[in-house]
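Hi everyone, thanks for coming. I'll walk you through one structure today, so please get it up on your screens.

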Amino acid sequence: MEKKNVVNLNMKQYGMFLALIAIYVIFAIMTGGKNLSPANINNLIMQNGYVVILAVGMLLCVLTGNVDLGVGSVVAVTGATAGILMVDYGTNMWVAIIVALVIGLLIGMFAGFFIAYLSIPPFVVTLATMLMGRGLTYTLLQAQTKGPLPDEYVFIGAGFLPTVKVPFAGGTLDLVSIGVAVVVTVCIILGEMKSIATKKKYGFALNPTWQIIAKNAVFMFIVWFFFYKLARYNGIPFVLIIMCVLVFIYVFITTSTVAGRQIYALGGNAKAARLSGIDTRKVFFWVYTNMGVLSAVAGIVLSARNASSTPKAGDGFEMDAIASCYIGGAAVAGGAGTITGAVVGAFIMGILNNGMSLYGWSTDIQKIVKGAVLLGAVTIDILSKRKKN
């Protein structure tokens, strides 16, 4: 009898999605369903948009086996710069945004130069940029808050796409959000069909049909739950569009470009990467320059959401971004990790923060729990690799 060419799903690959769902359900029970409300789903996106943006950039640093401790300070500096230009000097919004992005670029290039071309350890360089950036923020703002910022600028972090609302179940339903859910569902189905066709074409092992159906059913449930809740509120937040565009771009970079594969090669074995002809200094330089630019984007989004620039902006963001990458499955030693995993890790952190706040836990307890989750995720990763070896 001919043996069927089948293989079970790699549960480690989807473990983070299951963990995200489990944590969300646990807090739904603990809070009596408070975290299920449409308003809370919207807040979850708004409050974690900048963390997702930072996690996307931080993953590239983590893939090299390092981190960037200065991202929170760059968020503060760039947000402060934009605020000062618009409030004190009446500068056009787009000019302020461009200046903020350029400052993020220059800070990233500054860190990249010391790391790549002077071989100073990234930990030391980014610790220095963290201290200098925070001090510069206080100097620029003189320990004061700049605001309110213009409405068109605030829209970036707190606005919504146009809606088409119809009466539904005692409230309203946004047809634009439902339409997006339909499009995403179709993309999931077509993507799975293409994957199956490709595997059949090259004779690769297929997953059992029931596993494929179950996997996609879970994904589609998340999509519909997510967009239905948004449809019952104010529609799709603009910051969600920014997040999705950045995630799409960086998924493409890390999976389908030479530059992306070079990062993995560098993190996997720097010496072998150099011997194979990869300019590792160039890779280091652009990775940290890129982190500076994305930190500036996060700074713009945060200041827009707050409608002001504050000296304490971005405080501790570097820890959330780093934790998101490791919780999302990135290897501590570098060379392994995905953008999708980092995004899921960011939302796990966000759900933890949101759920614990709704339940009434103090910030002290929240830090203990987040630290325990991070330590647990890294420990499981390392122990599983030791067992495999």
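**Helix 10 and its two sides**

Let's start with helix 10: on the face turned away from its buried side, you'll find the exposed residues V258 and G268. Before I go on, keep in mind that this is a predicted model.

So which residues of helix 10 are buried? They're G260, I263, Y264, L266 and G267, in a helix that runs over residues 258-268.

Okay, on to the inside. The largest nonpolar core has 94 residues. Within that core, the residues with the most contacts are I53, L54, M58, Y153, I156 and Y250. Helix 2, residues 38-63, supplies the largest share of this core, with 17 residues.

Let's pick out I156. Leaving aside residues up to four places away in sequence, I156 touches I97, F238, V239, I242, I300, V301 and A304.

Now for the surface. There's a nonpolar patch out there, formed by F113, Y117, L118, I120, F123, V124, L127 and L131. Together they have about 720 Å² of accessible area. Which helix gives the most to the patch? That's helix 5, residues 122-141, with 4 residues.

F113, though, is found in helix 4, which covers residues 93-116. F113 counts as partly exposed, because its relative accessibility is 40%.

Go back to helix 5 and look for T126, which has its place there. Is T126 buried or exposed? It counts as buried, because its relative accessibility is 0%. Not counting residues up to four places away in sequence, T126 touches V67, D68, L69, G70, I115 and Y288.

Last topic: charges. As a reminder, side chains of opposite charge can pair when their charged atoms come close. How many salt bridges does a search of the whole structure find? It finds 4, and I'll show you some of them.

Take K146 and D88: they form a salt bridge, and their closest N and O atoms are 2.8 Å apart. K146 lies in the loop between helix 5 and helix 6 (151-158), while D88 is in helix 3 (residues 71-88), so this pair ties together parts that are 58 residues apart in sequence. K146 is buried, with a relative accessible area of 15%. D88, at 42% relative accessibility, counts as partly exposed.

Then there's E192 with K215, another salt bridge, where the closest N and O atoms are 2.8 Å apart. This pair links distant parts of the chain, with E192 in helix 7 (residues 175-202) and K215 in helix 8 (residues 209-231), 23 residues apart. E192 is buried, at a relative accessible area of 11%, and K215 counts as buried too, at 14% relative accessibility.

Finally, find K312 and D315, whose side chains meet in a salt bridge at 3.4 Å, N to O. Here K312 is exposed, with a relative accessible area of 52%. D315 is partly exposed, and its relative accessible area is 48%.

Notes:
Residues numbered from 1 in each chain as written. Predicted model: local features only at pLDDT ≥ 70, side-chain atom pairs only at ≥ 80, totals over all residues. Heavy atoms only, no water. Patch = residues over 30% accessible without salt bridge, like charges linked within 9 Å, V, L, I, M, F, W, Y side chains within 5 Å. Areas by Shrake-Rupley, 256 points an atom, 1.4 Å probe, with all protein chains shown as cover. Buried < 20%, exposed > 50% of the residue type's maximum accessible area, 1.4 Å probe, protein only. Contact = heavy atoms within 4.5 Å. Core = buried A, V, L, I, M, F, W, Y, C linked by side-chain atoms within 4.5 Å.
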